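Opened the notebook for a quick look through this one. I'll jot down what I looked up, spot by spot.

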Amino acid sequence: MSRLHLVLSATLILIFCLFSLGTDLVASAATLPEIHKRGYLTVAVKYNLRPLGFRDKNGNLQGLEIDLAQRLASDLLGKPDAVKFRPVANSDRLPAILEHKVDLVIANVTATASRSRIVSFSVPYYYDGAAIVTKNTNINQLKDLDKRKIAVLKNSSNIYYVKYFIPNAELVGVNSYAQAREKIESNAVDAVAADNSVLSGWVQESPQYHLLKSKLSAEPLSVVMPKGLQYDELRRWVNEAIARYTATGWLKERTQYWGLGSSH
């Protein structure tokens with residue numbers, strides 16, 4: 001091998017090592033003492049889900065879950081901006097913890113028994129659930145939807161709730177929230193059944209919509225944390241903090257501020 005090839009090979013190896021080292025330093029799960037020493041939290045959040053986590057007109061992250069992350073950073077490290085956000089798609093939420101890319105995930109994750117086998121969940125900070133939105137002013141109760149068309153995501157658990165509470169409604173399967181919105185805008189359906197947090201964002205963006213008061217289910221949204229004995233202190237601290245935010249009314253105030261009603 002020529003001297004040039006040797007130099008090029010050594011350079012590539014060095015770049016690879018530096019890149020790998022830099023990546024680990026920028027984003028990796030840490031224990032509570034390590035977070036204190038590092039001086040900031042790394043948190044995966046949503047960026048397109050108003051009012052939980054979304055970007056405002058200036059591109060800044062806003063929402064209930066952003067507020068929660070900043071409050072945790074403030075209480076733990078003394079300042080709300082001691083947090084580095086990692087916006088994630090739904091499919092990347094749990095992998096962000098499993099691959100130790102972040103310390104916490106606060107991104108519209110429902111705590112379930114199956115998920116708890118691979119990650120740890122905090123006590124709930126908000127109870128989401130299936131809700132109904134419509135722009136028809138004559139529809140104000142569940143019974144008003146009898147024999148009417150309701151759009152719902154295909155394979156969603158919300159299908160079962162709608163069938164149970166409104167058995168005579170006609171369900172129209174859709175592939176996305178965008179498609180559901182197209183159908184209600186074009187009057188192809190009378191209402192949409194989806195998560196209350198999602199539909200609350202629709203109402204905030206478009207005042208012609210209104211949510212029915214009755215929720216069809218209640219599902220706990222929790223902070224996702226890594227498993228492992230080394231993270232026990234972190235998990236305990238997060239749980240105690242959320243319990244304190246609930247007891248003092250801070251969570252209730254923030255959920256109401258973001259148009260979500262009470263957190264419990």
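For my notes, a helix here is a DSSP run of H or I with at least four residues, and helices are numbered from the N terminus. Keeping in mind that this is a predicted model, I started just after H9, where Gly-259 takes a positive phi of about 75 degrees.

Then I went back into H9 itself, residues 250-257. I listed its buried residues as Trp-250, Leu-251, Arg-254 and Thr-255. They sit on the same side of H9, because they cover an arc of only 125 degrees around the axis. I also checked what these buried residues pack against, and got H3, strand S8 (126-128) and helix H8 (232-248).

Next entry: Ala-82. I found Ala-82 in the loop between helix H3 (64-77) and strand S5 (83-87). Is Ala-82 buried or exposed? Its relative accessible area is 3%, and buried means under 20%, so I put Ala-82 down as buried. Leaving aside neighbours within four places in sequence, I noted that Ala-82 is in contact with Gly-39, Tyr-40, Leu-41, Ala-73 and Leu-77. I also looked up Arg-71, which is 11 residues from Ala-82 along the chain; their C-alpha atoms are separated by 9.8 Å.

Last entry: a sheet. I have an open sheet of three strands, in the order S2-S3-S4, with antiparallel pairing. Strands S2 (48-49) and S4 (61-62) stand at the edges with a single partner strand each, so one side of each has no neighbour in the sheet. Between S2 and S3 (residues 53-55) I noted two bridges, the strands running antiparallel. Leu-49 stands opposite Gly-53 in S3.

Note on methods
Residues numbered from 1 in each chain as written. Predicted model: local features only at pLDDT ≥ 70, side-chain atom pairs only at ≥ 80, totals over all residues. Heavy atoms only, no water. Buried < 20%, exposed > 50% of the residue type's maximum accessible area, 1.4 Å probe, protein only. Contact = heavy atoms within 4.5 Å. Arc of directions from axis to C-beta. Pairing = 2+ DSSP bridges.
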